[in-house]
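I am new to this structure and would like to understand the terms used for it.

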Amino acid sequence: MNKLPWSAPGPFRARDTALVLAGGNALGAYHAGAYEVLHERGIRPDWVVGASIGAVTAAIIVGNAAEERVAKLRQFWDEATQHTGPSVTGLLKPRQYYNALHALLTLTQGRPNIFQHRFPGMWSTLPWMLNDVALFDHPPLLGTLKRLVDFDRLNQGDTRLTVGCIDVETGEEIYFDTTRETIRPEHILASTAILPAFAPVEVEGRLLCDAGFTNNLPLDPLFVTEPERDLLCIASDLFSPRAPRPASLDAVLERANDLIFASAGRRAIAGLRREYALRQQLDPDGPAVTLLHLIYQAGADQLAAKSFDFSPSSFCDRWAADPPPLKWSALRYGF
């Protein structure tokens with residue numbers, strides 16, 4: 001990402017800035033590129049909310065000094081990338097094979113800074129094997145978080161952090177927030193535990209997993225109560241609700257995956273528009289909320305397994321991706 005229209009309609013008023021980061025595993029390099037653009041423009045969020053890879057990105061941002069954040073994000077993704085060599089062609093079919101092979105490498109070898117194979121894992125489907133609840137282990141991510149994140153800074157700094165999870169037993173959305181509790185690496189790990197790829201994580205007596213299937217773009221914490229003053233919310237989404245008509249079985253699978261992970265965010269934004277249209281009528285001079293929704297638009301070379309594609313070319317494409325034409329969506333017009 002190397003360009004971003006940065007102007008809101010109307011005169012400037014003092015405001016808070018929130019950054020919301022969705023889940024999407026390998027697609028999360030898009031978050032890093034988006035944050036780099038914000039950083040270069042001097043934008044420092046007051047509040048960062050994340051789920052899954054968005055929670056990892058949020059922890060790296062909040063848990064480092066401002067001048068170190070982009071370098072730490074770069075280090076995380078450099079370690080996650082499979083250093084096999086970039087794609088040597090721009091042709092669609094060869095690039096699709098290149099991406100597919102890298103996704104297969106991820107599934108067979110794991111990523112050493114994020115997850116590894118688990119036993120019995122998939123073998124537990126055989127009748128003579130012990131039961132298991134996941135395909136991979138992700139304790140390697142704990143070590144990565146401890147290296148790249150200063151959790152003392154994260155919990156005591158000026159930037160607020162909220163991390164979203166789901167209670168496996170009740171289905172309840174659980175949000176950990178640095179204004180209420182101390183966030184540890186285990187909280188971030190729980191937010192990345194997408195079932196059945198990764199085992200749920202027990203935190204404070206609750207069995208928790210990734211919120212991706214129910215609320216992949218966690219906007220809700222920002223609006224539990226009305227903002228006290230004007231709010232600029234930048235939401236970085238990794239799955240698009242729009243795409244060309246699918247022309248292959250893999251494209252259909254990719255489309256189904258995108259719709260699953262994008263639908264909750266779209267409903268949340270539609271609900272916020274309705275709510276703030278009513279608030280505008282009741283209190284025209286109240287706090288204004290402006291939402292900038294950035295959506296990663298995967299290219300035609302991306303396949304259904306794109307969230308496991310850690311290839312060098314896909315990493316570079318996602319980090320440098322320009323957003324589609326952006327429009328400021330003012331939930332309450334006050335700017």
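This is a predicted model: local features need pLDDT of at least 70, side-chain atom pairs count only at pLDDT 80 or more; totals for chains, interfaces and linings use all residues.

Q: Why is Asn25 called buried?
A: Buried means under 20% relative accessible area, exposed over 50%, and partly exposed in between (1.4 Å probe, protein chains only). Asn25 has a relative accessible area of 17%, so the residue counts as buried.

Q: Why is Ser52 called buried, and where is its place?
A: The relative accessible area of Ser52 is 8%, so this residue also falls under the cut-off for buried. The place of Ser52 is in the loop between β2 (47-51) and α2, and Ser52 has a positive phi of about 60 degrees although it is not a glycine.

Q: Why is helix α2 called largely enclosed by the rest of the structure?
A: In helix α2 (residues 53-62), 10 of the 10 residues are buried, so the helix is largely enclosed by the rest of the structure. Among these buried residues are Ile53, Val56, Ile60 and Val62. For the chain, 55% of its 335 residues count as buried.

Q: What makes the chain as compact as a globular protein of its length?
A: The secondary structure of the chain comes to 10 helices and 11 strands. The radius of gyration, which is taken over C-alpha atoms, is set against the globule rule of 2.2 Å times the number of residues to the power 0.38. The chain has a radius of gyration of 20 Å, close to the 20 Å that the rule gives for 335 residues, so it is as compact as a globular protein of that length. Along its principal axes, the C-alpha trace spans about 65 × 50 × 35 Å.

Q: How many cavities does a search of the whole structure find, and what makes a space a cavity?
A: The search finds 2 cavities of 30 Å³ or more. On a 1 Å grid over the protein atoms alone, a cavity is a set of points where a 1.4 Å probe fits but cannot get out, and lining residues have an atom within 4 Å of a point. Grid points are joined across faces, edges and corners, and a volume is the space filled by probe spheres set on the points.

Q: Which residues line the largest cavity?
A: The lining includes Ala26, Trp77, Asp309 and Arg318. Asp309 is also one of the residues that line the second largest cavity.

Q: Which peptide bond is cis, with omega near 5 degrees?
A: The peptide bond from Phe119 to Pro120 is cis, with omega near 5 degrees, and Pro120 has its place in the loop between β3 (116-117) and β4 (136-137).

Note on methods
Residues are numbered from 1 along each chain as its sequence is written. Side-chain values use heavy atoms; hydrogens and water are left out. On a 1 Å grid over the protein atoms alone, a cavity is a set of points where a 1.4 Å probe fits but cannot get out, and a pocket is an open set with protein on both sides within 12 Å along at least five of seven lines; lining residues have an atom within 4 Å of a point. Helices (H or I, at least four residues) and strands (E, at least two) are DSSP runs, numbered from the N terminus.
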